[in-house]
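Here is a short briefing on one protein chain. Look at the sequence and the model first, then work through the points below.

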Amino acid sequence: MTAPAIVLVGPPGSGKSTVGRVLAERLGLPFRDTDADVERTAGKPIPEIFVDEGEPHFRQLEREAVRAAVTGFPGVLALGGGAVMAEETRALLAPLPVVFLEVALGDAVKRVGLDAPRPLLAVNPRARWRELMEARRPLYLEVATAVADTEGRTPEQVADAVLEALELKDPHV
């Protein structure tokens, strides 16, 4: 089984995709985002999946995308913010190097924007983001091998923190 070198988890706005691309480039590995996999499979953006088929259908597609990626992808993998809610996904992540990208609400809002097309943040985004974090933070911590704080850091600095936390060497240093 080919497994990811690094898996990034965290809420919307934590920088999983941005930091993941930086890490992949530094390590000379491919990058993959399960949200992009879901959109490719469904043939439409995630907000449309939520509207047309509902959240349960989206979560099923998400579980399938995560399963495919963690069992056959040798690069840097970013998971959708809610992927850790599935027990099956948490079990798949158990043996892998998983980093929780911790982000403060203010930073997440700056990165995501409050008008971005995120279905779970559509109504009262700040309060909803806090609710999501209260529910998901224990799950992020459960699956995490390490935690990298993103507050006030550039994607490059967060990538440094991830490599340091996992005791991986940047081949370009």
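Of the 19 residues in the largest nonpolar core, seven names stand out: Val7, Val9, Leu77, Leu79, Val84, Leu93 and Val98 touch the most other members. Keep in mind that this is a predicted model.

**The largest core**

- The most comes from α7, which gives four residues.
- Nonpolar side chains tend to be buried together in soluble globular proteins.
- Valine 84 is one of the core residues that touch the most other members. Leaving aside neighbours within four places in sequence, valine 84 is in contact with Val9, Arg90, Leu93, Leu139, Tyr140 and Val143.

**The second core**

- A separate core has 18 residues, including Val99, Ala161, Val162 and Leu163.

- Five of the five residues in β4 are buried.
- Side chains in a regular strand alternate between the two faces of the sheet.
- In β4, Val98, Phe100 and Glu102 lie on one side, and Val99 and Leu101 lie on the other. Both faces are covered, and all of these residues are buried.
- Val98 is in the largest core, while Val99 is in the second, separate one.
- β4 pairs with β1 in the parallel sense, over three bridges. Here valine 98 of β4 is the bridge partner of valine 7.
- β4 also pairs with strand β5 (residues 146-149) in the parallel sense, over four bridges. Across this pairing, leucine 101 stands opposite alanine 148 in β5.

**The annotated binding site**

- An unreviewed UniProt entry carries the annotation "binding site".
- Where does serine 14 lie? Serine 14 sits in the loop between β1 (6-9) and α1 (16-27).
- Is serine 14 buried or exposed? Serine 14 counts as buried because its relative accessibility is 1%, and the cut-off for buried is under 20%.
- The side chain of serine 14 reaches the backbone oxygen of proline 11 at 2.9 Å.
- Serine 17 is found in helix α1. Serine 17 counts as partly exposed, because its relative accessibility is 21%.
- Which residues does serine 17 touch, not counting those up to four places away in sequence? Serine 17 touches Phe31, Asp33 and Ala78.

Key
Residues are numbered from 1 along each chain as its sequence is written. This is a predicted model: local features need pLDDT of at least 70, side-chain atom pairs count only at pLDDT 80 or more; totals for chains, interfaces and linings use all residues. Side-chain values use heavy atoms; hydrogens and water are left out. UniProt positions are given in the numbering used here, feature names are shortened, and annotations may be inferred rather than shown by experiment. Helices (H or I, at least four residues) and strands (E, at least two) are DSSP runs, numbered from the N terminus. Buried means under 20% relative accessible area, exposed over 50%, partly exposed in between (1.4 Å probe, protein chains only). A polar contact is a pair of N or O atoms within 3.5 Å; within protein, one must be able to donate a hydrogen and the other to accept it, and residues adjacent in sequence count only if both atoms are side-chain atoms. Contact means heavy atoms within 4.5 Å. A nonpolar core is a set of buried Ala, Val, Leu, Ile, Met, Phe, Trp, Tyr and Cys residues joined through side-chain atoms within 4.5 Å. Two strands pair if DSSP finds at least two bridges between them.
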